[in-house]
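Please read the numbered points with the model open beside them.

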Amino acid sequence: MAQEKKQVEVRLFPDGNMRVETHNIKGKQCLKYIELFESLLQAQVIDSAFTDDYYQSETVLQTSEETEVLV
């Protein structure tokens with residue numbers, strides 16, 4: 001199953017305000033992207049709302065490797 005690309009959409013308005021939306025970023029991971037934009041742009045969130053993606057579980061893939069040692 002192919003996973004959709006994570007996206008951050010930034011809209012800048014003539015009055016200097018901006019709107020940042022994350023897409024295909026599940027769970028609380030989206031908040032890290034918003035914090036990054038706040039830091040990079042020296043901006044502050046004044047209003048926020050969560051999308052359906054926020055309430056979905058993140059997919060975490062774990063792999064392990066086993067090695068057999070013969071003595």
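1. Glu-21, setting aside neighbours within four places in sequence, is in contact with Gln-7, Val-8, Glu-9 and Arg-11. The model is a predicted one, and the values below are computed from it. Glu-21 sits in strand S2, which covers residues 18-23. Is Glu-21 buried or exposed? Its relative accessibility is 19%, and because the limit for buried is under 20%, Glu-21 counts as buried. Its side chain also makes a polar contact, at 2.6 Å, with the side chain of Arg-19.

2. Met-18 is another residue of strand S2. With a relative accessible area of 32%, Met-18 is partly exposed. Beyond its neighbours within four places in sequence, Met-18 is in contact with Val-10, Arg-11, Leu-12, Phe-13 and Leu-41.

3. The protein chain holds 1 helix and 2 strands, and along the sequence the pattern reads β-β-α. The chain has 71 residues, and 10% of them count as buried. Its accessible surface is about 6900 Å², with 49% of that belonging to carbon and sulfur atoms. Among contacts with a separation of 6 or more, 34% are between residues 24 or more positions apart.

4. Asp-53 belongs to the segment after H1. It has a relative accessibility of 14% and counts as buried. What does the side chain of Asp-53 reach? It reaches the backbone nitrogen of Asn-24, at 2.8 Å. Leaving out neighbours within four places in sequence, Asp-53 is in contact with His-23, Asn-24, Ile-25, Lys-26 and Gly-27.

5. Asn-24, the residue reached by Asp-53, lies in the loop between S2 and H1. Its backbone deserves a look. Most residues other than glycine have a negative phi. Asn-24 is not a glycine, yet its phi is positive, at about 65°.

6. Gln-42 is also not a glycine and has a positive phi, of about 50°. Gln-42 lies in the segment after H1. Is this residue, Gln-42, buried or exposed? Its relative accessible area is 75%, and Gln-42 is exposed.

7. The aromatic residues can be taken together. A pair of aromatic rings is described by the distance of the centres and the angle of the planes. The count of aromatic pairs comes to 3. One of them joins Phe-50 and Tyr-54: the rings are 3.8 Å centre to centre with 10° between the planes, and the pair is stacked. Tyr-54 and Tyr-55 have ring centres 5.1 Å apart and planes at 90°, so this pair is edge-to-face. Phe-50, Tyr-54 and Tyr-55 form one aromatic cluster.

8. Tyr-54, which takes part in the stacked pair and in the edge-to-face pair, is buried, with a relative accessible area of 17%. Phe-50 counts as partly exposed, at 42% relative accessibility. Tyr-55 is exposed, with a relative accessible area of 60%.

9. The last point concerns the largest pocket, whose volume is about 780 Å³. Its lining is made up of 26 residues. Which of these lie nearest its centre? They are Val-20, Ile-34, Val-45, Asp-47 and Ser-48. Strand S2 and helix H1, residues 29-41, each supply at least two residues of the lining. H1 gives the most, with 7 residues.

Definitions and conventions. Residues numbered from 1 in each chain as written. Predicted model: local features only at pLDDT ≥ 70, side-chain atom pairs only at ≥ 80, totals over all residues. Heavy atoms only, no water. Helix = DSSP H or I, 4+ residues; strand = E, 2+ residues; numbered from the N terminus. Buried < 20%, exposed > 50% of the residue type's maximum accessible area, 1.4 Å probe, protein only. Contact = heavy atoms within 4.5 Å. Areas by Shrake-Rupley, 256 points an atom, 1.4 Å probe, with all protein chains shown as cover. Phe/Tyr/Trp six-rings, centres within 6.5 Å; stacked < 30°, edge-to-face > 60°. Polar contact = N/O pair within 3.5 Å; in protein donor to acceptor, adjacent residues only side chain to side chain. 1 Å grid on protein atoms, 1.4 Å probe; cavity = no way out; pocket = protein on both sides within 12 Å on 5 of 7 lines; lining within 4 Å. Points joined across faces, edges and corners; volume = space filled by probe spheres on them.
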